[in-house]
Amino acid sequence: RIALVDDERQIHASIRLRLGKECDIVSFTDAREALAAIANQPFDLCIADIHMPHLDGLAFIDAATKTDPALGFVVLSAFDTEENLRRTIPLRVYDFISKPLPERDGFEARIPGWVERTRQGRRERVLAGQANTIDRELDAALLERDVELIASESARDALLQTASLLTTVHAHLVTACLAVTARAKADPGLVSLARNLDAGRKAAEAAATVAEGFFDSAYGHRDASPALLDTGLQHAIAIACRAQRAEENRKAVDCAAIDDRLPIRGLSGIDFLLMAVPAIGLALAASESGSTLRIRGEPLARLEAAARDARFRHHLWLNRRAALGSQPSLLLSITASAPPFSRAQAEAWLKGDLPGALIPARGLVRGIAQCKGLLGLGVAPHATQFHLVLALPT
């Protein structure tokens, strides 16, 4: 689609005769009308004369470039003076064609190349815009992460100070309780005060226990608190269910209790969540409405036994070379009422290349590598339903 801007009507007739079969020619004899049209519709190329009434051709090109920065121009003029050539340098002008029009090789044959340059420029601008959007989103995500980390660390510090203060308050209340209780034996009027002080002592003791207990949990210290299985699984299930709107889609999770005293080797509680949520979320996303996802755990004397188990012989395994094969482990099995992946789909998902995948595998893959465990995915045609297993060293 070419915009032709020239005040000579014979030029319009000539170019339409030469290009009309291959191109949609939109003719303008007034550069001001052409400028308005360029602002409202895209063109693949603009051919413009220099000397025109009302608006000089090169001034028109300068204005049109500001309106559509990707549009390319070919100058068509009988006045190819040095001054005119110099003025085209800062503009997006592909070439300067002298009137009368040259032979086919000098004009028609070059049209596709000029058009492609404009189209490529448009593609590059779209990609640049997308890259800028991604950069902005990444910057925002990093900022949110920094804010979250600062806020969580501040909350931990505040909770630690609170626990210390509660311990001090509790000690003072114990002393006060002993003193008032002793005097209440001689003064019945102090009995009520003694009871209130004792209630305050118990409340302070309970609050201190809760605050101090946080630092022994799976999330008390982001990088050091161990991944406690049962607690971590329950939290991962809750997060995945919210993300996948499990209740709204009538999907449930049946998870048998697992020994919470078994920490996962090499993972903190946060790491375990980042690993478990994608696994459970993928199974929920794949499962049918009204179905129940099953999660089961069983101990393994050696981690390598998982990959050798006849039940999982045809699974696609991840991290076999780096896994701690002889380490005692726990096998987590996740089963959903959904068709299995093909091998190509499973491999693409693990690499982050599966089109349309709503649940990225990044956290799961990173967690398996970090704890030196194993991930197995049932794949068609051997698997008949969705099945994912995690062998995690304990």
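Start by selecting helix α10, residues 343-351: its buried residues are A346, A348, W349 and L350. Buried here means under 20% relative accessible area, with a 1.4 Å probe and protein chains only; helices (H or I, at least four residues) and strands (E, at least two) are DSSP runs, numbered from the N terminus.

You are looking at a predicted model, where local features need pLDDT of at least 70, side-chain atom pairs count only at pLDDT 80 or more, and totals for chains, interfaces and linings use all residues. Residues are numbered from 1 along each chain as its sequence is written, and side-chain values use heavy atoms, leaving out hydrogens and water.

Now show what surrounds α10. Its buried residues pack against α8 (269-286), β10 (316-318), α11 (362-371) and β12 (374-377), where contact means heavy atoms within 4.5 Å. Step on to G352, which follows α10 and has a positive phi, near 80 degrees.

While you are in this area, click C371, which is buried at a relative accessible area of 2%. Then try C255, which counts as buried at 18% relative accessibility.

Next, move to the open sheet of five strands, ordered β2-β1-β3-β4-β5 with parallel pairing; two strands pair if DSSP finds at least two bridges between them. At its edges are β2 (25-28) and β5 (93-98), each pairing on one side only.

Zoom in on β1 (residues 2-5) and β3 (residues 45-48), parallel strands joined by four bridges.

Technical notes. Buried < 20%, exposed > 50% of the residue type's maximum accessible area, 1.4 Å probe, protein only.
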